Amino acid sequence: MDSGWMAVWPVAAFFLGGVATQVTGWLNHRRQRAERAADDAAAVEQRREEFELSHLVELNRLLQDYADTLPPLVAALTTYWSQAPALSDTERGEIFPREVYAATEAAGKAVRSQIGFVLDDDARRIVDEAYVAIDMAASDILINDDGPNLGQMGAAVNLAHEALSARVREIYAGQALAR
């Protein structure tokens with residue numbers, strides 16, 4: 001019986017070695033797959049953050065550009081309103097400050113096109129409110145020859161800048177994953 005067991009031990013050792021090799025290979029494969037998935041997730045998160053950061057900074061600049069188009073529009077329209085009563089309809093059409101108005105419209109469209117790319121819902125809502133405030137101020141300039149009330153617009157724009165800046169700081173601080 002001892003010689004029978006002596007013949008079984010090499011076979012059993014060979015079998016256990018093969019099983020151990022297979023289990024080790026399987027465990028290594030699982031570990032590598034988990035590492036690849038983690039790397040892929042980290043790369044996706046990094047691309048998302050880079051995308052969001054670039055759009056937040058761009059939107060912040062565009063929002064400021066849009067607000068900055070209003071003083072030249074007010075100045076041009078103040079001049080227009082002062083000259084318009086003495087002119088005929090044709091002459092009024094000729095002196096209307098189309099270029100300044102077109103610049104304001106283009107700046108507004110640029111802001112509107114970027115608002116949807118803000119991934120944070122609260123920041124997107126605040127920026128949308130600032131856009132509406134600037135848009136209303138621009139409309140008020142066209143309708144009201146006394147000039148617009150820019151106080152509400154300025155407060156909305158400042159709130160939007162604060163929200164965008166806070167989101168940028170949040171991303172740079174690495175807190176975006178905690179949300």
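Student: In which helix is glutamate 52 found?
Tutor: Bear in mind that this is a predicted model. The protein chain has six helices and zero strands, and along the sequence the pattern reads α-α-α-α-α-α. Glutamate 52 is found in helix α1.

Student: Is glutamate 52 buried or exposed?
Tutor: Buried means under 20% relative accessible area. The relative accessible area of glutamate 52 is 0%, so glutamate 52 is buried.

Student: Which residues is glutamate 52 in contact with, leaving aside its neighbours within four places in sequence?
Tutor: A contact here requires heavy atoms within 4.5 Å. With the neighbours within four places in sequence set aside, glutamate 52 is in contact with Leu119, Asp120, Arg167 and Ile171.

Student: What is the N to O distance in the salt bridge of glutamate 52 and arginine 167?
Tutor: Both glutamate 52 and arginine 167 are buried. Their side chains meet in a salt bridge, with an N to O distance of 2.8 Å.

Student: How many residues apart are glutamate 52 and arginine 167?
Tutor: Glutamate 52 is in helix α1, whereas arginine 167 is in helix α6 (residues 150-172). The pair links distant parts of the chain, 115 residues apart.

Student: Why are arginine 31 and glutamate 35 separated by about one helical turn?
Tutor: The side chains of arginine 31 and glutamate 35 meet in a salt bridge of 3.2 Å, N to O. Arginine 31 is partly exposed at a relative accessible area of 40%, and glutamate 35 is partly exposed at 41%. The separation is about one helical turn because, in helix α1, the two are four residues apart.

Student: How many salt bridges does a search of the whole structure find?
Tutor: The pairs discussed include glutamate 52 with arginine 167 and arginine 31 with glutamate 35. For the whole structure, the search finds 10.

Student: Which residues make the nonpolar surface patch of about 600 Å²?
Tutor: Tryptophan 26 is one of them, and this residue is found in helix α1 (residues 2-68). Patch residues need over 30% relative accessible area. Tryptophan 26 is partly exposed, with 47%. The patch is made by Phe15, Leu16, Val19, Val23, Trp26 and Leu27.

Student: What radius of gyration does the protein chain have?
Tutor: Along its principal axes the C-alpha trace spans about 125 × 30 × 15 Å. Serine 3 and alanine 102 are 100 Å apart in space, C-alpha to C-alpha. A compact globule of 179 residues would have a radius of gyration near 16 Å, but the protein chain has 33 Å.

Student: Which helix has the highest confidence?
Tutor: The mean pLDDT of the protein chain is 85, and 92% of its residues reach 70 or more. Confidence is lowest in helix α3 (residues 89-95), at a mean of 80. At 92, the highest value belongs to helix α4.

Key: Residues are numbered from 1 along each chain as its sequence is written. Side-chain values use heavy atoms; hydrogens and water are left out. Patches are made of residues with over 30% relative accessible area and no salt bridge: like charges are joined within 9 Å, nonpolar side chains (Val, Leu, Ile, Met, Phe, Trp, Tyr) within 5 Å. Accessible areas come from the Shrake-Rupley method with a 1.4 Å probe; for residues, only the protein chains shown count as cover. A salt bridge is a side-chain nitrogen of Lys or Arg within 4 Å of a carboxyl oxygen of Asp or Glu. Buried means under 20% relative accessible area, exposed over 50%, partly exposed in between (1.4 Å probe, protein chains only). pLDDT is the predictor's confidence in each residue, from 0 to 100. The radius of gyration is taken over C-alpha atoms; the globule rule is 2.2 Å times the number of residues to the power 0.38.
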